[in-house]
Amino acid sequence: MHEISTNSLHGPALPDDTTVHLVLDLALKIGEVQMSSGAGAADVTATILSVTESYGLPHTEVDVIYTSISVSCHRGTEALPITSIRVVRQRSLDYTRLADVEHLVRNLGPIEEAHARLEDITNAAHPYPRWVATVAWGGMAAAVAFLVGGGLVLALTAAVITAAVDRVGRILNRRNLPFFFQQFVGGALGTGAALAIYSTGLLQVRPSLLVAVGIVVLLSGLALVSTVQDAISGYNVTAAGRTVETVLLSAGLIAGVALAIRAAVHFGLDIRLSDPLPALISAVPMQFAAGAATSAFFALACYARPRALVAAAISGAIGTAAYGLMTSLGLDALLSSAVAAAITGFGGATMTRRLRIPTLVVVQAGVVPLLPGWTTYRGLFQLTAEGDPAGLSTLVFASGIALALAGGVVFGEYLAQPVRTGLGRLERKFAGPRMSGPLKPSKRRLE
(Lines give C-alpha, C1' and ligand atoms only; values in the text may rest on other atoms or scores of the structure.)
Protein backbone atom coordinates (compact mmCIF):
# COMPACT_ATOMS: atom_id res chain seq x y z
CA MET A 1 0.00 0.00 0.00
CA HIS A 2 1.11 3.51 -0.70
CA GLU A 3 1.57 5.73 2.30
CA ILE A 4 -0.43 8.93 2.30
CA SER A 5 1.43 12.10 3.17
CA THR A 6 0.44 13.58 6.51
CA ASN A 7 0.61 17.09 5.05
CA SER A 8 -1.94 16.26 2.36
CA LEU A 9 -4.30 14.98 5.05
CA HIS A 10 -4.09 18.00 7.27
CA GLY A 11 -4.33 20.57 4.51
CA PRO A 12 -3.25 24.19 4.92
CA ALA A 13 -2.20 25.61 8.26
CA LEU A 14 -4.84 27.96 9.64
CA PRO A 15 -5.11 30.43 12.50
CA ASP A 16 -6.72 29.36 15.76
CA ASP A 17 -10.48 28.88 16.03
CA THR A 18 -11.06 32.26 17.67
CA THR A 19 -9.36 34.09 14.83
CA VAL A 20 -11.27 32.08 12.22
CA HIS A 21 -14.57 33.02 13.85
CA LEU A 22 -13.55 36.69 14.02
CA VAL A 23 -12.58 36.71 10.33
CA LEU A 24 -15.78 35.00 9.20
CA ASP A 25 -17.88 37.35 11.31
CA LEU A 26 -16.13 40.37 9.83
CA ALA A 27 -16.54 39.09 6.28
CA LEU A 28 -20.23 38.33 6.81
CA LYS A 29 -20.96 41.77 8.25
CA ILE A 30 -19.20 43.42 5.30
CA GLY A 31 -21.20 41.29 2.88
CA GLU A 32 -24.42 42.19 4.67
CA VAL A 33 -23.74 45.92 4.26
CA GLN A 34 -23.09 45.40 0.55
CA MET A 35 -26.21 43.29 -0.01
CA SER A 36 -28.44 45.71 1.89
CA SER A 37 -27.06 48.56 -0.24
CA GLY A 38 -27.97 46.82 -3.50
CA ALA A 39 -24.62 45.30 -4.49
CA GLY A 40 -24.66 42.24 -6.72
CA ALA A 41 -24.05 38.73 -5.41
CA ALA A 42 -20.86 38.39 -7.47
CA ASP A 43 -19.44 41.53 -5.87
CA VAL A 44 -20.38 40.35 -2.38
CA THR A 45 -18.79 36.95 -2.98
CA ALA A 46 -15.57 38.45 -4.31
CA THR A 47 -15.34 40.88 -1.41
CA ILE A 48 -15.84 38.16 1.22
CA LEU A 49 -13.17 35.97 -0.42
CA SER A 50 -10.80 38.93 -0.47
CA VAL A 51 -11.34 39.56 3.26
CA THR A 52 -10.93 35.93 4.34
CA GLU A 53 -7.79 35.42 2.26
CA SER A 54 -6.30 38.63 3.55
CA TYR A 55 -6.44 37.18 7.07
CA GLY A 56 -4.94 33.83 6.13
CA LEU A 57 -7.96 31.66 5.40
CA PRO A 58 -6.89 30.16 2.08
CA HIS A 59 -9.92 27.99 1.33
CA THR A 60 -13.36 29.38 2.06
CA GLU A 61 -16.62 28.72 0.28
CA VAL A 62 -19.19 31.51 -0.03
CA ASP A 63 -22.89 31.09 -0.80
CA VAL A 64 -24.88 34.28 -1.37
CA ILE A 65 -28.62 34.32 -1.83
CA TYR A 66 -30.95 37.28 -1.63
CA THR A 67 -31.79 36.96 2.05
CA SER A 68 -28.70 35.33 3.58
CA ILE A 69 -24.94 34.84 3.24
CA SER A 70 -23.09 31.66 4.24
CA VAL A 71 -19.31 31.27 4.56
CA SER A 72 -17.54 27.97 5.30
CA CYS A 73 -13.83 27.67 6.09
CA HIS A 74 -12.18 24.38 5.08
CA ARG A 75 -9.60 23.22 7.65
CA GLY A 76 -8.16 20.07 6.12
CA THR A 77 -9.27 16.47 6.43
CA GLU A 78 -8.93 16.01 10.19
CA ALA A 79 -10.59 19.19 11.48
CA LEU A 80 -14.22 20.03 10.99
CA PRO A 81 -15.00 23.06 8.79
CA ILE A 82 -16.24 26.22 10.46
CA THR A 83 -19.41 27.61 8.90
CA SER A 84 -21.18 30.89 9.65
CA ILE A 85 -24.38 32.38 8.24
CA ARG A 86 -25.88 35.85 8.37
CA VAL A 87 -29.39 36.87 7.38
CA VAL A 88 -29.89 40.13 5.48
CA ARG A 89 -32.97 41.58 7.15
CA GLN A 90 -32.92 45.25 6.18
CA ARG A 91 -32.28 47.05 2.91
CA SER A 92 -31.52 50.73 2.68
CA LEU A 93 -29.73 52.91 0.15
CA ASP A 94 -26.88 54.58 2.06
CA TYR A 95 -24.07 55.06 -0.43
CA THR A 96 -21.79 56.67 2.17
CA ARG A 97 -21.91 53.48 4.24
CA LEU A 98 -21.19 51.41 1.14
CA ALA A 99 -18.20 53.60 0.25
CA ASP A 100 -16.85 53.44 3.81
CA VAL A 101 -17.04 49.65 3.81
CA GLU A 102 -15.16 49.48 0.51
CA HIS A 103 -12.48 51.76 1.95
CA LEU A 104 -12.23 49.41 4.93
CA VAL A 105 -11.78 46.40 2.65
CA ARG A 106 -9.01 48.15 0.73
CA ASN A 107 -7.19 49.05 3.94
CA LEU A 108 -7.63 46.09 6.27
CA GLY A 109 -5.62 46.19 9.48
CA PRO A 110 -5.53 43.93 12.55
CA ILE A 111 -8.73 41.93 12.89
CA GLU A 112 -9.81 43.60 16.14
CA GLU A 113 -9.24 47.05 14.64
CA ALA A 114 -11.20 46.11 11.49
CA HIS A 115 -14.13 44.95 13.64
CA ALA A 116 -14.11 48.23 15.56
CA ARG A 117 -14.01 50.29 12.36
CA LEU A 118 -16.85 48.29 10.82
CA GLU A 119 -18.90 48.73 14.01
CA ASP A 120 -18.42 52.49 13.77
CA ILE A 121 -19.49 52.46 10.11
CA THR A 122 -22.65 50.43 10.64
CA ASN A 123 -23.72 52.32 13.76
CA ALA A 124 -23.02 55.78 12.36
CA ALA A 125 -25.94 58.03 11.55
CA HIS A 126 -26.66 59.07 7.98
CA PRO A 127 -24.28 61.82 6.84
CA TYR A 128 -27.20 64.19 6.21
CA PRO A 129 -30.40 64.86 8.17
CA ARG A 130 -33.48 63.02 6.95
CA TRP A 131 -35.08 66.22 5.70
CA VAL A 132 -32.18 66.62 3.27
CA ALA A 133 -33.20 63.34 1.63
CA THR A 134 -36.77 64.60 1.35
CA VAL A 135 -35.58 67.81 -0.31
CA ALA A 136 -33.38 65.73 -2.62
CA TRP A 137 -36.33 63.59 -3.75
CA GLY A 138 -38.27 66.77 -4.44
CA GLY A 139 -35.33 68.23 -6.34
CA MET A 140 -35.07 65.06 -8.39
CA ALA A 141 -38.75 65.31 -9.34
CA ALA A 142 -38.28 68.94 -10.39
CA ALA A 143 -35.28 67.99 -12.54
CA VAL A 144 -37.23 65.20 -14.25
CA ALA A 145 -40.04 67.66 -14.92
CA PHE A 146 -37.62 69.96 -16.74
CA LEU A 147 -36.16 66.98 -18.58
CA VAL A 148 -39.53 66.10 -20.15
CA GLY A 149 -40.21 69.68 -21.13
CA GLY A 150 -42.24 70.93 -18.18
CA GLY A 151 -41.95 74.51 -17.01
CA LEU A 152 -41.22 76.01 -13.62
CA VAL A 153 -44.79 75.55 -12.35
CA LEU A 154 -44.78 71.84 -13.20
CA ALA A 155 -41.34 71.40 -11.61
CA LEU A 156 -42.35 73.09 -8.35
CA THR A 157 -45.62 71.16 -8.20
CA ALA A 158 -43.83 67.86 -8.79
CA ALA A 159 -41.28 68.69 -6.09
CA VAL A 160 -43.96 69.45 -3.49
CA ILE A 161 -45.98 66.31 -4.28
CA THR A 162 -42.89 64.10 -4.22
CA ALA A 163 -41.69 65.56 -0.93
CA ALA A 164 -45.12 64.90 0.58
CA VAL A 165 -45.12 61.32 -0.72
CA ASP A 166 -41.66 60.78 0.77
CA ARG A 167 -42.75 62.00 4.20
CA VAL A 168 -45.83 59.77 4.12
CA GLY A 169 -43.63 56.85 3.09
CA ARG A 170 -41.32 57.63 5.99
CA ILE A 171 -44.24 57.44 8.42
CA LEU A 172 -45.44 54.15 6.94
CA ASN A 173 -41.92 52.71 7.07
CA ARG A 174 -41.66 53.52 10.77
CA ARG A 175 -44.79 51.44 11.27
CA ASN A 176 -43.19 48.53 9.40
CA LEU A 177 -45.74 48.57 6.59
CA PRO A 178 -44.52 46.20 3.82
CA PHE A 179 -42.87 47.95 0.90
CA PHE A 180 -45.55 46.71 -1.51
CA PHE A 181 -48.15 48.80 0.29
CA GLN A 182 -45.76 51.72 0.58
CA GLN A 183 -45.37 51.70 -3.20
CA PHE A 184 -49.15 51.40 -3.57
CA VAL A 185 -49.74 54.39 -1.31
CA GLY A 186 -47.01 56.38 -3.05
CA GLY A 187 -48.44 55.72 -6.51
CA ALA A 188 -52.03 56.45 -5.44
CA LEU A 189 -51.10 59.57 -3.47
CA GLY A 190 -48.87 61.06 -6.16
CA THR A 191 -51.31 60.38 -8.98
CA GLY A 192 -54.32 61.47 -6.97
CA ALA A 193 -52.65 64.73 -6.00
CA ALA A 194 -51.70 65.43 -9.61
CA LEU A 195 -55.23 64.80 -10.89
CA ALA A 196 -56.78 66.80 -8.06
CA ILE A 197 -54.61 69.82 -8.87
CA TYR A 198 -55.55 69.50 -12.53
CA SER A 199 -59.26 69.31 -11.70
CA THR A 200 -59.18 72.61 -9.79
CA GLY A 201 -57.80 74.50 -12.76
CA LEU A 202 -55.65 76.64 -10.48
CA LEU A 203 -52.40 75.47 -12.04
CA GLN A 204 -51.94 75.00 -15.76
CA VAL A 205 -50.06 71.70 -15.64
CA ARG A 206 -50.40 68.55 -17.68
CA PRO A 207 -51.43 65.75 -15.30
CA SER A 208 -49.80 63.14 -17.52
CA LEU A 209 -46.39 64.74 -17.09
CA LEU A 210 -46.92 65.20 -13.37
CA VAL A 211 -47.83 61.54 -12.88
CA ALA A 212 -44.95 60.39 -15.11
CA VAL A 213 -42.49 62.33 -12.97
CA GLY A 214 -43.82 60.64 -9.83
CA ILE A 215 -43.50 57.21 -11.43
CA VAL A 216 -39.84 57.87 -12.29
CA VAL A 217 -39.10 58.82 -8.68
CA LEU A 218 -40.80 55.72 -7.28
CA LEU A 219 -39.11 53.44 -9.82
CA SER A 220 -35.65 54.82 -9.09
CA GLY A 221 -35.22 52.87 -5.86
CA LEU A 222 -35.70 49.44 -7.47
CA ALA A 223 -32.63 47.21 -7.87
CA LEU A 224 -32.90 46.74 -11.64
CA VAL A 225 -29.16 46.91 -12.31
CA SER A 226 -28.24 44.44 -9.56
CA THR A 227 -30.95 42.02 -10.71
CA VAL A 228 -29.58 41.82 -14.24
CA GLN A 229 -26.00 41.69 -12.92
CA ASP A 230 -26.83 38.66 -10.77
CA ALA A 231 -28.57 36.88 -13.65
CA ILE A 232 -25.64 37.46 -16.02
CA SER A 233 -23.09 36.45 -13.38
CA GLY A 234 -24.82 33.11 -12.78
CA TYR A 235 -26.33 33.86 -9.36
CA ASN A 236 -29.75 32.72 -10.45
CA VAL A 237 -31.30 32.27 -7.01
CA THR A 238 -30.39 35.81 -5.98
CA ALA A 239 -31.50 37.13 -9.36
CA ALA A 240 -34.84 35.36 -8.94
CA GLY A 241 -35.30 36.87 -5.47
CA ARG A 242 -34.50 40.37 -6.70
CA THR A 243 -36.80 39.86 -9.68
CA VAL A 244 -39.74 38.85 -7.49
CA GLU A 245 -39.18 41.87 -5.25
CA THR A 246 -38.86 44.25 -8.21
CA VAL A 247 -41.98 42.88 -9.87
CA LEU A 248 -43.92 43.03 -6.61
CA LEU A 249 -42.93 46.62 -5.84
CA SER A 250 -43.65 47.64 -9.42
CA ALA A 251 -47.05 45.97 -9.16
CA GLY A 252 -47.78 47.97 -6.02
CA LEU A 253 -46.87 51.19 -7.80
CA ILE A 254 -48.95 50.28 -10.85
CA ALA A 255 -51.94 49.35 -8.71
CA GLY A 256 -51.80 52.68 -6.86
CA VAL A 257 -51.56 54.72 -10.06
CA ALA A 258 -54.31 52.70 -11.74
CA LEU A 259 -56.62 53.12 -8.75
CA ALA A 260 -56.20 56.90 -8.79
CA ILE A 261 -56.84 57.11 -12.53
CA ARG A 262 -59.89 54.90 -12.27
CA ALA A 263 -61.27 56.99 -9.41
CA ALA A 264 -60.79 60.17 -11.46
CA VAL A 265 -62.71 58.67 -14.38
CA HIS A 266 -65.45 57.45 -12.05
CA PHE A 267 -65.99 60.94 -10.64
CA GLY A 268 -66.22 62.40 -14.15
CA LEU A 269 -62.87 64.17 -14.30
CA ASP A 270 -62.02 64.99 -17.89
CA ILE A 271 -58.45 63.74 -18.21
CA ARG A 272 -57.10 63.13 -21.64
CA LEU A 273 -53.86 61.58 -22.75
CA SER A 274 -52.16 63.67 -25.38
CA ASP A 275 -50.00 62.21 -28.11
CA PRO A 276 -46.81 60.46 -26.99
CA LEU A 277 -43.97 62.79 -26.11
CA PRO A 278 -40.81 62.87 -28.16
CA ALA A 279 -37.87 61.08 -26.52
CA LEU A 280 -36.54 64.33 -25.06
CA ILE A 281 -38.21 67.61 -25.91
CA SER A 282 -35.91 69.94 -24.01
CA ALA A 283 -33.15 71.94 -25.63
CA VAL A 284 -29.67 70.40 -25.52
CA PRO A 285 -28.37 72.56 -22.65
CA MET A 286 -31.46 71.70 -20.64
CA GLN A 287 -30.91 68.00 -21.33
CA PHE A 288 -27.43 68.17 -19.82
CA ALA A 289 -28.52 70.24 -16.84
CA ALA A 290 -31.71 68.30 -16.09
CA GLY A 291 -30.05 64.91 -16.54
CA ALA A 292 -27.14 65.90 -14.30
CA ALA A 293 -29.47 67.35 -11.65
CA THR A 294 -31.70 64.26 -11.68
CA SER A 295 -28.78 61.90 -11.04
CA ALA A 296 -27.15 64.17 -8.47
CA PHE A 297 -30.37 64.59 -6.48
CA PHE A 298 -30.95 60.83 -6.56
CA ALA A 299 -27.44 60.21 -5.19
CA LEU A 300 -28.02 62.86 -2.52
CA ALA A 301 -31.29 61.21 -1.51
CA CYS A 302 -29.27 58.00 -1.06
CA TYR A 303 -26.76 59.82 1.17
CA ALA A 304 -23.81 59.92 -1.22
CA ARG A 305 -20.82 62.14 -0.40
CA PRO A 306 -20.06 65.34 -2.39
CA ARG A 307 -17.45 63.67 -4.60
CA ALA A 308 -19.93 60.95 -5.51
CA LEU A 309 -22.57 63.60 -6.23
CA VAL A 310 -20.31 65.20 -8.82
CA ALA A 311 -19.58 61.83 -10.45
CA ALA A 312 -23.30 60.99 -10.49
CA ALA A 313 -24.11 64.32 -12.12
CA ILE A 314 -21.54 63.72 -14.85
CA SER A 315 -22.93 60.23 -15.40
CA GLY A 316 -26.49 61.53 -15.66
CA ALA A 317 -25.49 64.23 -18.16
CA ILE A 318 -23.62 61.73 -20.33
CA GLY A 319 -26.43 59.17 -20.26
CA THR A 320 -29.09 61.73 -21.10
CA ALA A 321 -27.03 63.22 -23.91
CA ALA A 322 -26.30 59.77 -25.34
CA TYR A 323 -30.00 58.91 -25.28
CA GLY A 324 -30.90 62.14 -27.05
CA LEU A 325 -28.21 61.50 -29.68
CA MET A 326 -29.42 57.95 -30.34
CA THR A 327 -33.04 59.05 -30.78
CA SER A 328 -31.95 61.84 -33.12
CA LEU A 329 -30.24 59.18 -35.24
CA GLY A 330 -33.54 57.34 -35.64
CA LEU A 331 -33.21 54.57 -33.03
CA ASP A 332 -36.30 53.64 -31.06
CA ALA A 333 -36.61 54.08 -27.31
CA LEU A 334 -35.54 50.49 -26.55
CA LEU A 335 -32.27 50.58 -28.47
CA SER A 336 -31.55 54.15 -27.44
CA SER A 337 -31.95 53.19 -23.80
CA ALA A 338 -29.63 50.20 -24.16
CA VAL A 339 -26.89 52.19 -25.90
CA ALA A 340 -27.12 55.11 -23.50
CA ALA A 341 -27.00 52.76 -20.51
CA ALA A 342 -23.97 50.93 -21.95
CA ILE A 343 -22.15 54.24 -22.32
CA THR A 344 -23.12 55.12 -18.75
CA GLY A 345 -21.89 51.77 -17.46
CA PHE A 346 -18.61 52.03 -19.36
CA GLY A 347 -17.97 55.59 -18.19
CA GLY A 348 -18.96 54.86 -14.62
CA ALA A 349 -16.74 51.78 -14.38
CA THR A 350 -13.66 53.55 -15.74
CA MET A 351 -14.19 56.74 -13.76
CA THR A 352 -15.06 55.55 -10.28
CA ARG A 353 -12.13 53.32 -9.38
CA ARG A 354 -9.64 56.19 -9.49
CA LEU A 355 -12.03 58.34 -7.48
CA ARG A 356 -12.56 55.57 -4.90
CA ILE A 357 -16.32 55.66 -5.43
CA PRO A 358 -18.45 52.50 -5.72
CA THR A 359 -19.37 52.00 -9.36
CA LEU A 360 -22.90 51.05 -8.34
CA VAL A 361 -23.52 54.58 -7.05
CA VAL A 362 -22.63 56.26 -10.32
CA VAL A 363 -24.21 53.86 -12.82
CA GLN A 364 -27.48 53.51 -10.92
CA ALA A 365 -27.78 57.27 -10.60
CA GLY A 366 -26.80 57.71 -14.25
CA VAL A 367 -29.74 55.72 -15.65
CA VAL A 368 -32.40 57.24 -13.37
CA PRO A 369 -33.24 60.07 -15.86
CA LEU A 370 -34.00 57.42 -18.50
CA LEU A 371 -36.52 55.36 -16.52
CA PRO A 372 -39.79 54.83 -18.47
CA GLY A 373 -42.16 56.94 -16.40
CA TRP A 374 -44.12 58.34 -19.33
CA THR A 375 -44.46 54.97 -21.06
CA THR A 376 -45.67 53.34 -17.85
CA TYR A 377 -48.29 56.04 -17.32
CA ARG A 378 -49.48 55.78 -20.91
CA GLY A 379 -50.00 52.03 -20.58
CA LEU A 380 -51.91 52.43 -17.32
CA PHE A 381 -54.07 55.19 -18.79
CA GLN A 382 -54.94 53.06 -21.80
CA LEU A 383 -55.97 50.16 -19.58
CA THR A 384 -57.89 52.04 -16.88
CA ALA A 385 -59.29 55.18 -18.46
CA GLU A 386 -59.72 54.10 -22.06
CA GLY A 387 -60.26 50.36 -21.58
CA ASP A 388 -57.82 49.74 -24.42
CA PRO A 389 -56.06 46.32 -24.28
CA ALA A 390 -53.13 47.93 -26.10
CA GLY A 391 -52.14 49.34 -22.72
CA LEU A 392 -50.80 45.91 -21.79
CA SER A 393 -48.41 46.03 -24.73
CA THR A 394 -47.34 49.51 -23.67
CA LEU A 395 -46.56 48.26 -20.16
CA VAL A 396 -44.55 45.38 -21.60
CA PHE A 397 -42.63 47.90 -23.69
CA ALA A 398 -41.95 49.95 -20.55
CA SER A 399 -40.61 46.81 -18.86
CA GLY A 400 -38.41 46.22 -21.89
CA ILE A 401 -36.95 49.71 -21.57
CA ALA A 402 -36.16 49.09 -17.90
CA LEU A 403 -34.44 45.80 -18.74
CA ALA A 404 -32.55 47.46 -21.59
CA LEU A 405 -31.26 50.09 -19.18
CA ALA A 406 -30.09 47.50 -16.64
CA GLY A 407 -28.61 45.18 -19.25
CA GLY A 408 -26.87 48.05 -21.00
CA VAL A 409 -25.22 49.16 -17.76
CA VAL A 410 -23.88 45.67 -17.05
CA PHE A 411 -22.65 45.28 -20.64
CA GLY A 412 -20.89 48.63 -20.47
CA GLU A 413 -19.19 47.55 -17.27
CA TYR A 414 -18.01 44.38 -19.02
CA LEU A 415 -16.52 46.48 -21.82
CA ALA A 416 -14.68 48.58 -19.25
CA GLN A 417 -12.86 45.62 -17.71
CA PRO A 418 -9.88 45.64 -20.11
CA VAL A 419 -9.53 49.41 -19.72
CA ARG A 420 -9.45 49.19 -15.95
CA THR A 421 -7.21 46.17 -15.59
CA GLY A 422 -4.71 46.75 -18.40
CA LEU A 423 -4.45 45.30 -21.88
CA GLY A 424 -2.05 42.65 -20.58
CA ARG A 425 -4.85 41.09 -18.51
CA LEU A 426 -7.71 40.92 -20.97
CA GLU A 427 -8.77 37.54 -19.68
CA ARG A 428 -10.05 39.15 -16.48
CA LYS A 429 -12.92 40.70 -18.35
CA PHE A 430 -14.64 37.30 -18.16
CA ALA A 431 -14.62 37.31 -14.36
CA GLY A 432 -17.94 39.14 -14.29
CA PRO A 433 -19.09 42.74 -13.87
CA ARG A 434 -17.87 44.48 -10.70
CA MET A 435 -19.87 47.36 -9.27
CA SER A 436 -18.89 47.07 -5.63
CA GLY A 437 -16.01 45.75 -3.56
CA PRO A 438 -12.31 45.50 -4.41
CA LEU A 439 -11.36 45.56 -8.08
CA LYS A 440 -8.83 42.75 -7.68
CA PRO A 441 -9.93 39.94 -5.33
CA SER A 442 -7.20 37.91 -3.69
CA LYS A 443 -6.18 34.70 -5.46
CA ARG A 444 -7.57 31.60 -3.81
CA ARG A 445 -5.08 29.01 -2.60
CA LEU A 446 -6.60 25.58 -2.97
CA GLU A 447 -3.64 23.48 -1.86
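Q: Which residues of helix H10 (residues 224-233) are buried, and what makes a residue buried?
A: In this predicted model, the buried residues of helix H10 are Val225, Ser226, Thr227, Val228, Gln229 and Asp230. A residue is called buried because its relative accessible area is under 20%. Just after H10 comes Gly234, with a positive phi of about 95 degrees.

Q: Why is Asp166 called buried?
A: The relative accessibility of Asp166 is 13%. The cut-off for a buried residue is under 20%, and Asp166 therefore counts as buried. Asp166 belongs to helix H7 (residues 152-174).

Q: Which residues does Asp166 touch, not counting residues up to four places away in sequence?
A: They are Arg130, Thr134 and Trp137. To count as a contact, heavy atoms must lie within 4.5 Å.

Q: Why is Ile343 called partly exposed?
A: Ile343 has a relative accessible area of 37%. Buried means under 20% and exposed means over 50%, with partly exposed in between; Ile343, at 37%, is therefore partly exposed. This residue lies in helix H14.

Q: What makes the nonpolar surface patch, and which elements give two or more residues to the patch?
A: The patch is made by Val310, Ile314, Ile318, Leu331, Leu335, Val339 and Ile343, and has an area of about 530 Å². Helix H13 (306-328) and helix H14 (333-355) are the elements that give two or more residues. A residue needs over 30% relative accessible area to join a patch, and Ile343 has 37%.

Q: How do you know that E1 and strand E2 pair, and in which sense do they run?
A: Pairing requires at least two bridges between two strands. Five bridges join E1 to strand E2 (residues 68-73), so the two strands pair, and they run antiparallel. E1 and E2 form a hairpin, with three residues between them.

Q: What makes E2 and E3 a pair?
A: Six bridges connect E2 and E3 in the antiparallel sense. At least two bridges are needed, and the two strands therefore count as paired. In one of these positions, Ser68 stands opposite Val87 in E3.

Q: What is the order of the three strands in the open sheet, and which are the edge strands?
A: The order is E1-E2-E3, with antiparallel pairing. The edge strands are strand E1 (60-64) and strand E3 (82-87), as each pairs on one side only. From one strand to the next, the twist averages 10 degrees. Helix H3 (residues 41-54) packs on this sheet and touches E1 and E2; the direction of H3 makes about 155 degrees with that of E1.

Q: What makes E2 mostly covered?
A: Of the six residues in E2, five are buried.

Q: How many helices and strands does the protein have, and what percentage of its residues is buried?
A: The secondary structure comes to 17 helices and three strands. Buried residues make up 51% of the 447 residues.

How values were computed:
Residues are numbered from 1 along each chain as its sequence is written. This is a predicted model: local features need pLDDT of at least 70, side-chain atom pairs count only at pLDDT 80 or more; totals for chains, interfaces and linings use all residues. Side-chain values use heavy atoms; hydrogens and water are left out. Helices (H or I, at least four residues) and strands (E, at least two) are DSSP runs, numbered from the N terminus. Axes are lines fitted to C-alpha atoms, for helices over the stretch in contact, and angles run from 0 to 180 degrees between N-to-C directions. Patches are made of residues with over 30% relative accessible area and no salt bridge: like charges are joined within 9 Å, nonpolar side chains (Val, Leu, Ile, Met, Phe, Trp, Tyr) within 5 Å. Accessible areas come from the Shrake-Rupley method with a 1.4 Å probe; for residues, only the protein chains shown count as cover. A salt bridge is a side-chain nitrogen of Lys or Arg within 4 Å of a carboxyl oxygen of Asp or Glu. Buried means under 20% relative accessible area, exposed over 50%, partly exposed in between (1.4 Å probe, protein chains only).
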